[in-house]
Amino acid sequence: MPRLARVKSESGFYHVIMRGAGRQVLFEDDHDRDFLLDKIASSKMENGIEVLAYALMDNHFHLLVRDEGDGITPFMRSIAVAYAMHYNTVYGHSGHVFQDRFISEPIEDDRYALSALRYILDNPRKAGIQRRRALKMTSESAYFGNGRADVVDAGFILDRFSSSDAFESFLGKDDEISHLEASEPKMSDGELRKRICEAAAISHPTELKSLEKPARDLALAEIMANGVSERRVERETGISRSVIRRAMGR
């Protein structure tokens with residue numbers, strides 16, 4: 001079956017994800033991340049790409065890019081081929097490093113672009129990674145005069161805020177917009193509802209929000225341990241993401 005044509009963004013903005021094959025770890029250490037960032041820095045210039053944000057998680061990575069031409073496919077191909085060669089050489093690996101081609105979501109307005117940036121930078125926190133470590137995995141430092149200025153084109157983002165404090169405040173806010181995720185749901189909606197009811201000893205997921213806080217939070221911890229996204233738990237239980245995050249100590 002032929003691949004579907006990639007949806008082109010009229011604005012030029014895309015949220016891009018590449019996954020490790022079979023969910024394998026892509027980055028064993030920060031040297032691996034630095035190699036990929038070096039390649040991104042050179043390839044973006046060659047292909048007319050602006051990189052607005054990145055998050056290099058262990059087994060996948062996110063990019064927020066702007067492509068005003070047709071450079072996104074050669075750009076992603078270039079960095080994927082170079083990184084696969086690096087990975088196979090350093091770790092004695094053979095075979096595919098990445099899972100198929102990259103996936104992308106077109107972004108058509110500034111509000112959604114800013115929301116996508118916040119979502120990308122928030123990935124390490126949502127994975128339970130401590131902030132000091134998380135800053136080495138994302139582009140956040142680049143907007144405050146540190147980090148990889150050769151990789152990140154921060155001007156577009158910073159021009160939309162009156163000050164660095166305003167931008168920092170924006171990053172700290174919750175976001176209700178859904179974005180492209182790195183992994184498919186690990187269980188069906190029906191199975192998730194069953195797990196919620198079992199964890200809390202209730203007959204319907206929405207009853208969870210009526211439990212006493214200790215019992216509710218204990219059930220939430222058990223549910224989230226299954227790798228379920230905050231967005232799905234919110235949808236099934238009616239409990240807001242901010243409450244879920246507080247319950248998880250995030």
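Me: At what angle do the axes of helix α8 and helix α9 cross?

Reply: In this predicted model, the axes of helix α8 (residues 189-200) and helix α9 (residues 213-224) cross at roughly 140° and come within 9 Å. Axes are lines fitted to C-alpha atoms, for helices over the stretch in contact, and angles run from 0 to 180 degrees between N-to-C directions. Helices are DSSP runs (H or I, at least four residues), as are strands (E, at least two), numbered from the N terminus.

Me: Which residues of α8 and α9 meet?

Reply: Leu192, Ile196, Ala199 and Ala200 of α8 meet Ala219, Glu222 and Ile223 of α9, where contact means heavy atoms within 4.5 Å. Six of these residues are nonpolar, none is polar and one is charged. Nonpolar here covers Ala, Val, Leu, Ile, Met, Phe, Trp, Tyr, Cys and Pro; charged covers Asp, Glu, Lys and Arg; polar covers the others, Gly among them.

Me: What makes α1 and α2 roughly antiparallel?

Reply: The axes of α1 and helix α2 (residues 72-91) cross at roughly 150° and come within 9 Å. That angle is over 145 degrees, so α1 is roughly antiparallel to α2.

Me: Which residues make the contact of α1 with α2?

Reply: From α1, Asp32, Phe35, Leu36, Lys39, Ile40, Ser43, Lys44 and Asn47 take part, and from α2, Pro74, Phe75, Ser78, Ile79, Ala82, Tyr83, His86 and Tyr91. They divide into nine nonpolar, four polar and three charged residues.

Me: Why is Glu140 called buried?

Reply: Buried means under 20% relative accessible area, exposed over 50%, and partly exposed in between (1.4 Å probe, protein chains only). Glu140 has 12%, so it counts as buried. Glu140 lies in the loop between α5 (131-135) and α6 (155-158). Leaving aside neighbours within four places in sequence, Glu140 is in contact with Leu121, Arg131, Leu135 and Leu171.

Me: Is Ala201 buried or exposed?

Reply: Ala201 has a relative accessible area of 73%, which is over 50%, so Ala201 is exposed. Ala201 is found in the loop between α8 and α9. Ala201 also has a positive phi, about 55°, although it is not a glycine.

Me: How does the radius of gyration of the protein agree with a compact globule?

Reply: The rule for a globule is 2.2 Å times the number of residues to the power 0.38, and the radius is taken over C-alpha atoms. For 250 residues a compact globule would have a radius near 18 Å; the protein has 19 Å, so the value agrees. Of the 250 residues, 48% count as buried.

Me: How many helices and strands are in the protein?

Reply: The protein has 11 helices and four strands.

How values were computed: Residues numbered from 1 in each chain as written. Predicted model: local features only at pLDDT ≥ 70, side-chain atom pairs only at ≥ 80, totals over all residues. Heavy atoms only, no water. Parallel < 35°, antiparallel > 145°, perpendicular 65-115°, else oblique.
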